[in-house]
Amino acid sequence: MTDAAASSPSPALRPQVAAALAAALRAADAARPAALAHFRTEGLSAENKDVGGGFDPVTAADRGVEAAIREVLARERPGDGVLGEEQAATPSTSGLTWVVDPIDGTRAYLIGAPTWGVLIGLNDGTRPVLGLMDQPHVGERFWGDGDSAWWARDGQPPRRMRARRGVPLAEARLCSTFPEVGTQAERLAFERVRDRARLTRYGLDCTGYALLAAGGVDLVVEAGLYAYDVQALIPIVEGAGGVITTWEGGDPQDGGRVLAAGSPELHAEAMALLAGA
């Protein structure tokens, strides 16, 4: 199991992270018009990227948001790499790489539900050291660096977030984007956790992790994630004092099966039930 400081930037990196946060905030500002231009508009359509018979949608908003973010980063951080969902990766010469999911929750975006978000993370070559999640429609933004995590609504000063502690699984609030979770074995393992939690909600995508950092959610259990789905969220969860790993307790930065919890004790309780999936 990792501790809550696993994503904290080293002292030598902290000034770089502060400068990077300013660029990330400007990139998120630039992305908002592209994100909102198509949200809840008549005739919004999506292409299906899944050639295997499933549904993996991409919209004009996904592409427009990533382009807007990349434009800011190319101008302000030309040495940094970019790994995004919709465009080819840009190599890094600085040792730092931005990991971008332009619309995390495109299915929610398609139906007009405001649970999607714009994810912008920064990886120092070993781990994510900065993460930002922006929800343009409701005007909320969450960010963290592994040491602290913050939430702000448009026009209001930022507030520090703390994950909820002292909550056993029997009293926990659980989130997962899909009730199907993953394979049949993964679903059965998830159901062992779900059946012991007090409350379960589905379909929140990145919002579930942000609400865990804010103290409203206690557990997030998911499978089948990609690096760009989770890297921006790791410093936010850990900055709020939470724990985020794979189901086996390993490094979650490459995605796969991810378990986030508000406390080490709750994380251990859930991980024991997920074992053997």
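Six bridges join β4 to β5, and the two strands run antiparallel. Pairing here means that DSSP finds at least two bridges between two strands.

Two notes on the source. This is a predicted model, in which local features need pLDDT of at least 70 and side-chain atom pairs count only at pLDDT 80 or more, while totals for chains, interfaces and linings use all residues. Residues are numbered from 1 along each chain as its sequence is written, and side-chain values use heavy atoms, with hydrogens and water left out.

Back to β4, on its other partner. Strand β4 covers residues 97-104, and four bridges join it to β3, this time in parallel. Opposite Thr97 of β4 stands Gly81, and opposite Trp98 of β4 stands Val82. Of the eight residues in β4, seven are buried, so the strand is mostly covered, where buried means under 20% relative accessible area, exposed over 50%, and partly exposed in between, with a 1.4 Å probe and protein chains only.

Seven strands make up an open sheet with mixed pairing, in the order β3-β4-β5-β6-β7-β8-β9. At the edges are β3 (81-84) and β9 (159-160), each of which pairs on one side only. Helix α1 packs on this sheet and touches β4, β5 (117-123), β6 (128-135) and β7 (140-144), with its direction at about 25 degrees to that of β6. Contact means heavy atoms within 4.5 Å. The axes are lines fitted to C-alpha atoms, for helices over the stretch in contact, and the angles run from 0 to 180 degrees between N-to-C directions. Helix α5, residues 206-214, lies across β4, β5, β6 and β7 and runs at about 110 degrees to β6.

A word on the loop between β3 and β4, where Ala89 has its place. Is Ala89 buried or exposed? Ala89 is exposed, with a relative accessible area of 54%. Leaving aside neighbours within four places in sequence, Ala89 is in contact with Arg70, Val82 and Leu83. The C-alpha atoms of Ala89 and Val99 are separated by 9.4 Å, at 10 residues apart along the chain.

Next, the aromatic rings. The structure holds five aromatic pairs. Rings of Phe, Tyr and Trp (its six-membered ring) pair if their centres lie within 6.5 Å; planes under 30 degrees apart count as stacked, over 60 as edge-to-face, and the rest as tilted. Phe39 and Tyr109 have ring centres 5.1 Å apart and planes at 50 degrees, so this pair is tilted. The pair links distant parts of the chain, 70 residues apart: Phe39 is in the loop between α1 (14-36) and β1 (47-48), and Tyr109 is in helix α3 (residues 106-111). Phe39 is buried at a relative accessible area of 6%, and Tyr109 is buried at 0%. The pair of Tyr226 and Tyr228 is stacked, at 5.4 Å centre to centre and 20 degrees between the planes. Tyr228 is buried as well, with a relative accessible area of 15%. Ring pairs also link Phe39, Tyr109 and Trp116 into a cluster.

On to helix α8, residues 264-274. Its buried residues are Leu266, His267, Ala270, Met271, Leu273 and Leu274. They cover an arc of only 160 degrees around the axis, which puts them on the same side of α8; the arc is that of the directions from the helix axis to the C-beta atoms. On the other side of α8, Glu265 and Ala272 are exposed. What covers the buried residues of α8 includes α4 (184-194), β12 (219-225), β13 (243-246) and β14 (256-261). Just after α8, Gly276 takes a positive phi of about 85 degrees.

Last, the cysteines. How many disulfides are there? With a disulfide taken as a pair of cysteine sulfur atoms within 2.5 Å, the count comes to zero. The sulfur of Cys175 has its closest cysteine sulfur in Cys206, at 12 Å, which is too far for a bond. Cys175 counts as buried at 4% relative accessibility, and Cys206 is buried with a relative accessible area of 1%.
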